[in-house]
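Here are my notes after a pass through this one, in numbered points. Have the viewer open while you read.

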Amino acid sequence: MIFTFLQIDLPAMLVGTLAALVCALVGNFLVLTRQSMFGDAVGHVVLPGIVIAYVVTGTTATWVMLAGAAAAALAAAGLVEFFRRVAGVEPSAALGTVFTAMFALGVVLLEQTGVARTTFDVHHILYGNVEAAIWPAAVDFSSLVDPQALAALPPQIGRLAFGLAVVLAVIVVCFKELRLVSFDPVFAATLGLSPRLVGTVIVALAALAAVVSLEAVGVILVVAMMVCPPAAARMLTDDLATQVRISAVIALASGVLGYAAAAFLPAAFGSPISLGAAGTIAVTAGLFQLAAMLFGPKRGAPRRA
Amino acid sequence: MPMACRWGPPAVPPTTCCEPMNVAAEPSLLAILLLQGGYNTVVVMLGAAALGAAAGAVGVFAMLRRRALVADALAHATLPGVALGFLAAVALGLPGRSLPFLLAGAAATALLAALSIHLIASRTRLPEDTAVASVLATFFAAGIVLLSVIQTLRTGGQAGLDVYLLGATAGMLRGEAITLACFAVAIAAILALLFKELVLVAFDAEFAAAHGFPVRVIDLAVVALVLAVVVIGLRLVGLVLIVALLVIPPSAARFWSNRAASVTLISAVIGAASAYGGAAISAVAPDLPTGAVIVLVAFAIFAVSVAIGPARGLLPRAFGSRRAAAGEAA
């Protein structure tokens, strides 16, 4: 029991929870700057980048995949800006055009190059495959302090920890600037703080969070975690620092409870079915948001569009 | 539409492991485009064109009322409905892939999603884009959970649900294609009936309200039409990419004209051409998900429109055409 928990459940739970945490932290600023659909867009555009990177280099090494994903995200950002500013397309239409076209390109490349069934599965990129993270080196609880066993932890965990460290560092160091631009970009500009520059930092952090999480947990968990915990936290407080902390707690709770629901709930009822953990974690976060919207003290007055 | 050919693979038969029935005399892409690909292929392509036209026209109003990304959320929210429809059909002892069950389920959960977005955006202080993104994610995730349940059931036909993700013409029944085409034509008819009201509200909601037009009812009609397009498009284009058929043709059409009626008509033609061309390519290359091919054809038309569209295109603007200048001022 402990054995399977350490080898199978712990690493998967860790991957799901770390991804939830890194996405939720950035998500606070996406929600406040009206960029909630960002996770959805990035999740779709990186597919052709990953496929092209694999076809060109023939490897699925981490840095190759990350470079491909980052290049695709940059290309998409450039295209959206081009259609918006140069060609005058309405912003959300420009976004919708670019991310669907790039995802379609990725899907066609997957099939045409024949890697669809051998290396990548479009379903895993959409749905996530949290369960793929296993830790065969674990034997018992002493493995948790054994450097050799720890070094054999699934590589996703290292990547997610790196992403989390960067995101946390930037949020802590630049908190004042982020808060000012999120709530009052006009006032921020009069203080000589460029909303564009801070906005770029937010988008870059979100792209980093999406890229490190995507391959581990899939598009849908990234979208859910960038929106649901921050939205729930926003229903509970007016203070941004408190909101960020609450969103982190909700992300952690969603990761742990969601994974537990997927791994243990059906068995507890004696049912042979199995649930996808990425889905249950995202649904748990959605339920937290629903509860906060129904009962939170700061639901807020109706907003006129 | 010769443009469509650029995205097609060379018109050779698939080299590996094609299904037995495709081994004999594969018609070329050109022959298929000219409606010589066999009765079933023709039915599917015409059905696709009808859907594309309806989506292109509805998309104009969805975009003008800034509902483009709402459509994406509704599309993703059909997944739990498709899964529930499958489970309901199985529970009743029917084959899980019965189209009416799947589409009814899809429509039900998409409707619930539309309602949720409206409630979140109007009753809480969360902005609409947050409402859209959180509903999209939560509903789609619920769909994934249900799909994982279905995968462990001991009934056949689970694999058939895959086509609702990215669409497929392969394996589409003649009856299905005809049903979908009829729905698409019905949407076009409703659109034609409501055209004046839709245009008025889309371009000047305040003026329309001042003259006693029921703006909220018309807005609701737009959402209902979007929902209908999404549900009908599931089988052909798939829920991940159907939003493209609502967004790309209107965006492209804006480069060709500044008049509402013309933009709507051009958008319908572009939508029809994309779906028709995509379905044709998909008949030659059945391995490619049809939705992805249709979207790439649409994007190719969009790129051409951005470059040479007479109303706001880059080339006409660069060469100082008076109509383009007018478009820029408008």
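1. Start with the contact between the two chains, and keep in mind that this is a predicted model. Chain B puts 48 residues into the contact and chain A puts in 49 residues. On the chain B side, the helices that each supply at least two residues are H3 (68–76), H5 (99–123), H6 (128–151), H11 (242–253) and H13 (290–308). H6(B) has the largest share of that side, with 16 residues. Sorted by class, the side of chain B that touches chain A comes out at 32 nonpolar, eight polar and eight charged residues.

2. For packed helices, the two things to quote are the angle between the axes and the distance between them. H3(B) packs with H10(B), residues 215–237, at an angle of about 45°, and their axes are 10 Å apart. From H3(B), the contact uses B:Ala71, B:Leu74 and B:Ala75; from H10(B), it uses B:Val226, B:Leu227 and B:Val230. By class that is six nonpolar residues, with no polar and no charged ones.

3. Now for two loop residues in chain B. Is B:Trp256 buried or exposed? B:Trp256 is found in the loop between H11 and H12 (260–284) of chain B. It has 22 C-beta neighbours inside 10 Å, so B:Trp256 counts as buried. Leaving out neighbours within four places in sequence, the contacts of B:Trp256 are B:Ile266, B:Ser305, B:Gly309, B:Pro310 and B:Ala311. B:Trp256 and B:Ala89 are 167 residues apart along the chain, and 46 Å separates their C-alpha atoms.

4. The other one is B:Leu35, in the loop between H1 (29–33) and H2 (39–64) of chain B. B:Leu35 has 13 C-beta neighbours inside 10 Å, so it counts as partly exposed. From B:Leu35 to B:Phe86 is 51 residues in sequence and 34 Å in space, C-alpha to C-alpha.

Technical notes. Residues numbered from 1 in each chain as written. Chains lettered and ligands numbered in written order. Predicted model: local features only at pLDDT ≥ 70, side-chain atom pairs only at ≥ 80, totals over all residues. Contact = placed C-beta atoms within 7 Å. Helix = DSSP H or I, 4+ residues; strand = E, 2+ residues; numbered from the N terminus. Nonpolar A, V, L, I, M, F, W, Y, C, P; charged D, E, K, R; others polar. Axes fitted to C-alpha atoms, helices over the stretch in contact; angles between N-to-C directions. Buried ≥ 20, exposed ≤ 12 C-beta atoms within 10 Å, placed from the backbone.
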